[in-house]
Amino acid sequence: MQQIAVIFDMDGVIVHTNPYHSLAFRKLFTAYELNPSEEEFELHMYGKHNSYIFSHFLNRKIGREELVELENEKEALFREIYATEIDPIPNFLPFLTSLKEAGIPTGIATSAPRANLDLIATKLDLFRLMDSVLASEDIHLHKPHPEVYLKSAENLGIPPENCLVFEDSFSGITAGLNAGMKVVGVLSSHKKEDLPVCQAYINDYTDIDAKWVKELMIEN
């Protein structure tokens, strides 16, 4: 079997951050007298880039300078709220350890800011276990464009078709598929029927290991 690699999104895949992003957005949106419903957040926030989120909820085009200010304010609120709540999705760390013990290269490919990645990866001691780490500052085109996954594959030295992506959002899964990779849908934020067709779906990492990954790559 050829060498394979596993690439993880972060939000909703390594950690379940969506409720805390919602809190940060709600706190910020109160200044604009907005009170989005959870359904609106699910449709227009989870897995979306900040430029889309702010344009949608503020109902106007957001200029670059204003977007940077809004992003910085919102992400700072998120880090403040989430700093004491960081907790991986069940069995993620044992699963990651099994991949490393099997000699499988791994990476993180997130659209989140580097500061968010640093907060979470440092707390969970992930940097020593990852062979490629990319955040929003490292790419020009955001998901569903495949750039972040293609760049990850290049960093790992593994052909895209031999990479397995773990993603939780429609745009993220689409990015992985657009990169020519196989994708596992993590059902932390969305139902299976609301996501593109993946090679497999999981609720968490409880029942999978490196052997499961190798078998999935062979079967598909």
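Colleague: Let us start with Asn-91: does Asn-91 count as buried, exposed or partly exposed, and at what relative accessibility?
Modeller: Asn-91 counts as partly exposed, because its relative accessibility is 31%. Please bear in mind that this is a predicted model.

Colleague: Where is Asn-91 found?
Modeller: Asn-91 sits in the loop between α4 and α5. Its phi is near 70°, which is a positive value in a residue other than glycine.

Colleague: And what about Glu-33, what is its phi?
Modeller: The phi of Glu-33 is positive, about 55°, although Glu-33 is not a glycine. Glu-33 belongs to the loop between α1 and α2 (38-44). With a relative accessibility of 78%, Glu-33 counts as exposed.

Colleague: Turning to the aromatic residues, how many aromatic pairs are there in the whole structure?
Modeller: The search finds 16 aromatic pairs. In one of them, the ring centres of Phe-8 and Phe-95 are 6.2 Å apart and the planes stand at 90°, so this pair is edge-to-face.

Colleague: Which parts of the chain does that pair tie together?
Modeller: Phe-8 is in strand β1 (residues 5-8) and Phe-95 is in helix α5 (residues 92-101), so the pair links parts that are 87 residues apart in sequence.

Colleague: Buried or exposed, those two?
Modeller: Phe-8 counts as buried, at 0% relative accessibility. Phe-95 is buried as well, with a relative accessible area of 1%.

Colleague: What is the geometry of the aromatic pair of Phe-8 and Tyr-205?
Modeller: Phe-8 and Tyr-205 are edge-to-face, with 6.5 Å from centre to centre and 70° between the planes. Tyr-205 lies in the loop between β6 (200-202) and α9 (210-219) while Phe-8 lies in strand β1, so this pair ties together parts that are 197 residues apart in sequence. Tyr-205 counts as buried, at 0% relative accessibility.

Colleague: Which residues form the aromatic cluster with Phe-8?
Modeller: The cluster is formed by Phe-8, Phe-92, Phe-95, Phe-166 and Tyr-205.

Colleague: Phe-166 is new to me. What does Phe-166 in β4 stand opposite?
Modeller: Its opposite number is Phe-8. Strands β1 and β4 pair in the parallel sense over four bridges.

Colleague: How many residues of strand β4 are buried?
Modeller: Five of the five residues of β4 (residues 163-167) are buried. In a regular strand, side chains alternate between the two faces of the sheet. In β4, Cys-163, Val-165 and Glu-167 are on one side and Leu-164 and Phe-166 on the other, and all are buried, so that both faces are covered.

Colleague: Which residue in β5 is the bridge partner of Glu-167?
Modeller: The partner of Glu-167 is Gly-185. Strand β5 (residues 182-186) runs parallel to β4, and four bridges join the two. From β4 the chain passes through helix α8 (residues 170-178) to β5, in a β-α-β crossover that is right-handed.

Colleague: A change of topic: at what angle do helices α1 and α3 pack?
Modeller: Helix α1 (residues 18-29) and helix α3 (residues 50-58) pack at about 40°, and their axes are 13 Å apart. The two helices are therefore oblique to each other, and their crossing is right-handed.

Colleague: Last item: what kind of peptide bond joins Lys-143 and Pro-144?
Modeller: A cis peptide bond joins them, with omega at about 20°. Pro-144 is in the loop between β3 (132-134) and α7 (147-156).

Methods. Residues numbered from 1 in each chain as written. Predicted model: local features only at pLDDT ≥ 70, side-chain atom pairs only at ≥ 80, totals over all residues. Heavy atoms only, no water. Phe/Tyr/Trp six-rings, centres within 6.5 Å; stacked < 30°, edge-to-face > 60°. Buried < 20%, exposed > 50% of the residue type's maximum accessible area, 1.4 Å probe, protein only. Pairing = 2+ DSSP bridges. Right-handed = clockwise from strand over helix to strand, strands pointing away. Axes fitted to C-alpha atoms, helices over the stretch in contact; angles between N-to-C directions. Parallel < 35°, antiparallel > 145°, perpendicular 65-115°, else oblique. Left-handed = near helix turned anticlockwise from the far one by under 90°.
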